[in-house]
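Here is a short report on helix packing and the nonpolar core. Please keep the structure in view while reading.

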Amino acid sequence: MLDAARAEIAAHGAQGLSMASLARRAGVAQSAPYRHFSDREDLLAAVATDGFERFTEALLKAASDGAEETALKRMAVAYLVFGEGNVELYRLMFASGLVPGAAPDSALKRAATESFQPLLERVTASDPEASHLSAHVRWGQLHGLVMLKADGFIHDPPEALLGVLSI
């Protein structure tokens, strides 16, 4: 079901996803998605949770794939590449309103919160005086670039964008 939902979201965005369209894409009865998810919001939360987990894995992998002093730049590239390669999933994760409305102890809220930790840890590792605010500003820069690229305002590759960022 999650694979079918991810494919539907990638092709048409989350706004067009219904439990009926999911069942058609998965080739199952219309009632089948309800055996796994209570409703559409529950399904979208599961897809977003998985997205945050994959996003965190991409950041951690980038951080560990080289010298410590360049880990933050590699993570920034991984952030931009993930956003560019998963535009509709990224929108679901960050622009759908699912996370703010999630219960504090939910898997979605935990996955979303944990996705910020690699960036926070690298920012403070490279500059011990750095604060949450500094990490949030860098996150905001990356997020803004992903959204501007997704909406067609920027066409430069991720590596080119890093040269002008304060990362």
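## Helix packing and core

The cover over the buried residues of H1 includes H2, H3 and H5. The model is predicted.

Start with H1 itself. Its buried residues are Ala4, Ala5, Glu8 and Ile9. These cover an arc of only 130° around the axis, so they sit on the same side of H1. Asp3 and Ala10 are exposed on the other side of H1. Gly13 follows H1, and its phi is positive, near 85°.

Ala5 lies in helix H1. Is Ala5 buried or exposed? Its relative accessibility is 0%, so Ala5 counts as buried. Neighbours within four places in sequence aside, Ala5 is in contact with Leu17, Leu22, Leu43 and Val47. Ala5 and Leu43 are 38 residues apart along the chain, with their C-alpha atoms separated by 8.0 Å.

| Pair | Axes come within | Crossing angle, roughly |
|---|---|---|
| H1 (2-12) and H2 (19-26) | 9 Å | 110° |
| H3 (40-64) and H7 (107-126) | 8 Å | 15° |

Take the H1 and H2 pair. The axes cross at roughly 110°, which makes H1 roughly perpendicular to H2. H1 passes H2 in a right-handed crossing. On the H1 side, the residues that meet H2 are Ala4, Ala5, Ala7, Glu8, Ala11 and His12. On the H2 side, they are Ser21, Leu22, Arg25 and Ala26.

Now the H3 and H7 pair. Here the axes cross at roughly 15°, which makes H3 roughly parallel to H7. H3 passes H7 in a left-handed crossing. H3 brings Ala45, Ala48, Thr49, Phe52, Glu53, Phe55, Thr56, Leu59, Leu60 and Ala63 to this meeting. H7 brings Ala107, Leu108, Ala111, Ala112, Glu114, Ser115, Pro118 and Arg122.

Next comes the core. The largest nonpolar core has 52 residues. Which of them touch the most other members? They are Leu43, Leu92 and Leu108. H3 gives the largest share of this core, 10 residues. Setting aside neighbours within four places in sequence, Leu43 is in contact with Leu2, Ala5, Leu17, Met19, Leu22 and Phe37. Leu108 is also among the H7 residues that meet H3.

Helix H5 spans residues 87-95, and its buried residues are Leu89, Tyr90, Leu92 and Met93. Seen down the axis of H5, they fall within an arc of 160°, so they line one face of the helix. What covers these buried residues includes H1, H3, H4 (71-85), H6 (98-101) and H8 (132-150). After H5 comes Gly97, with a positive phi near 85°.

Where is Pro157? Pro157 lies in the loop between H8 and helix H9 (158-162). Its relative accessible area is 44%, so Pro157 is partly exposed. Pro157 and Thr70 are 87 residues apart in sequence. In space, C-alpha to C-alpha, Pro157 and Thr70 are 18 Å apart.

Notes:
Residues numbered from 1 in each chain as written. Predicted model: local features only at pLDDT ≥ 70, side-chain atom pairs only at ≥ 80, totals over all residues. Heavy atoms only, no water. Buried < 20%, exposed > 50% of the residue type's maximum accessible area, 1.4 Å probe, protein only. Helix = DSSP H or I, 4+ residues; strand = E, 2+ residues; numbered from the N terminus. Arc of directions from axis to C-beta. Contact = heavy atoms within 4.5 Å. Core = buried A, V, L, I, M, F, W, Y, C linked by side-chain atoms within 4.5 Å. Axes fitted to C-alpha atoms, helices over the stretch in contact; angles between N-to-C directions. Parallel < 35°, antiparallel > 145°, perpendicular 65-115°, else oblique. Left-handed = near helix turned anticlockwise from the far one by under 90°.
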